[in-house]
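This report goes through a few local features of one protein chain. Please keep the sequence and the 3D view at hand while reading.

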Amino acid sequence: MVNVPKGTKDMLPRESHKWQAVEAAAKKITALYNVKQIRTPVFEHAELFLRSIGDSTDIVNKEMYIFEDKGGRKMALRPEGTAGVVRSVLENNLCETLPQKVFYIEGVYRYEQPQAGRYREHHQFGAEFFGSELPCFEVELLSMARDFLKEIGFSDLRLRINTIGCNECRAEYNKALRAFLAGVKDKICGDCKRRAEINPLRTLDCKVPSCKEIYKSAPQISDFLCDNCKQHHKQVLKGLDAAGIQYFEDKNLVRGLDYYTRTVFEFCDGDLAVLGGGRYDNLCEQLGGKHTPCVGFGCGIERLIAAAETRGIEFADNTPYVFAAAQCDSARETCADIVAQLRNIGVSAEYDLMGKSLKAQFRYADRQGFPYVITVGEAEMQSGKYTLKRMADGNTTAIGAARLAQDVKSAVEKDRAQS
């Protein structure tokens, strides 16, 4: 037997409603903000990610799935969503009209050690806004992210936020940070020693506890910000206050990708980060386009669902409504007709496809969670009168053949409204 590859996971029928609920929430909230969906290929030229993500990141150094196609071209499975979206927006001239606001729901691939909520194939909901340097751009994106998480059911939301400055003020900060790192080089991990040479800011994103403790005394970017970056950050925070978004400033928050500028953030429910992103004003130019300021976020769907469940958030199941049970073989055609009528008016319905006995049909309906069963036999077909049974307590409702589908729907809706 061939098993599922390590670091991947099947989405089983008993779990699919959770994914559907997350995707429905994403599509509902993005529609309210006039954000359109975009889909990009699952693989791209590897150069796209090497140029955008940065060679100091773990994604590029350790985690990317890189391969040569039959034409000898170096390709890579998509390790994150932003670079491919930016490539598509530039290639298809979508920035002729600004702002351009898009979202995606797609799989991403990273060769990392599987752990709870993280897989080598996982899925992201993300959004990218193109076109404005104004602080309201961050506030608009963060308002949408907040509304999405509230739609899922998260209630203890707090925003971690920081500014990492622009290229100019960050250059001075890097000098100070390199000097600090040189003084502690014997105490930090191997990855941080390498990052200190390539991109010292990335050391602050280290997850090693001993390194995190050392960096509490590191120079802070806030002491090196230029006036424009200070003012921009101040206006972002003012906009968050106006939008009613609770936040706290984390001076060591840098995020894990090299393309970020100025604002970086993570939404947390309690102490758990469930969504993160930031501003990236230079990425379009890095990939060959015109200067186009952008902000965006990404949210891992597997991790989001796991976090929601640990907090007792329930996802509404797409439970079916009515099962038509045949008492005899001659009733099966009538059951099929009843089911078709119900489906035509939007009622989820099913009938026996296996030739089971009536008892077995009721057992199946109960296991599948059908709350109502309508039984069809010779007597019912001759009289044109049927009985709708509520499985929870056995209560029955008489249904006539003339308006069968409409009467079943009305009875079900009235029953549910009362309960």
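## Terms and basis

A residue is called buried under 20% relative accessible area, exposed over 50%, and partly exposed in between (1.4 Å probe, protein chains only). The model is predicted: local features need pLDDT of at least 70, side-chain atom pairs count only at pLDDT 80 or more, and totals for chains, interfaces and linings use all residues. Residues are numbered from 1 along each chain as its sequence is written, and side-chain values use heavy atoms, with hydrogens and water left out.

## Backbone in the loops

N34 counts as partly exposed because its relative accessibility is 48%. This residue lies in the loop between α1 (16-32) and β1 (36-37); helices (H or I, at least four residues) and strands (E, at least two) are DSSP runs, numbered from the N terminus. N34 is not a glycine, yet it has a positive phi of about 55 degrees.

The loop between α4 and β5 holds N93. Phi of N93 is also positive, near 55 degrees, and N93 is a residue other than glycine. P99 has its place in the loop between α4 (82-91) and β5 (100-109). A cis peptide bond, with omega about 0 degrees, joins L98 to P99.

## Strand β5 and its partners

Nine of the ten residues of β5 are buried, so the strand is mostly covered. Two strands pair if DSSP finds at least two bridges between them. β1 and β5 run parallel and are joined by two bridges; K36 has V102 in β5 as its bridge partner. β5 and strand β6 (residues 121-130) run antiparallel, with ten bridges between them. Here G107 stands opposite H123 in β6.

## Helix α13

Which residues of helix α13 (residues 358-368) are buried? They are A360, Q361 and A365. Seen down the axis of α13, these buried residues fall within an arc of 140 degrees, so they line one face of the helix. The arc is that of the directions from the helix axis to the C-beta atoms. On the other side of α13, K359, D366 and R367 are exposed.

The cover over the buried residues of α13 includes β12 (322-326), α12 (332-344) and β14 (372-376), where contact means heavy atoms within 4.5 Å. Just after α13, G369 takes a positive phi of about 85 degrees.

## A residue in strand β3

F67 is found in strand β3 (residues 66-68). F67 counts as partly exposed because its relative accessibility is 34%.
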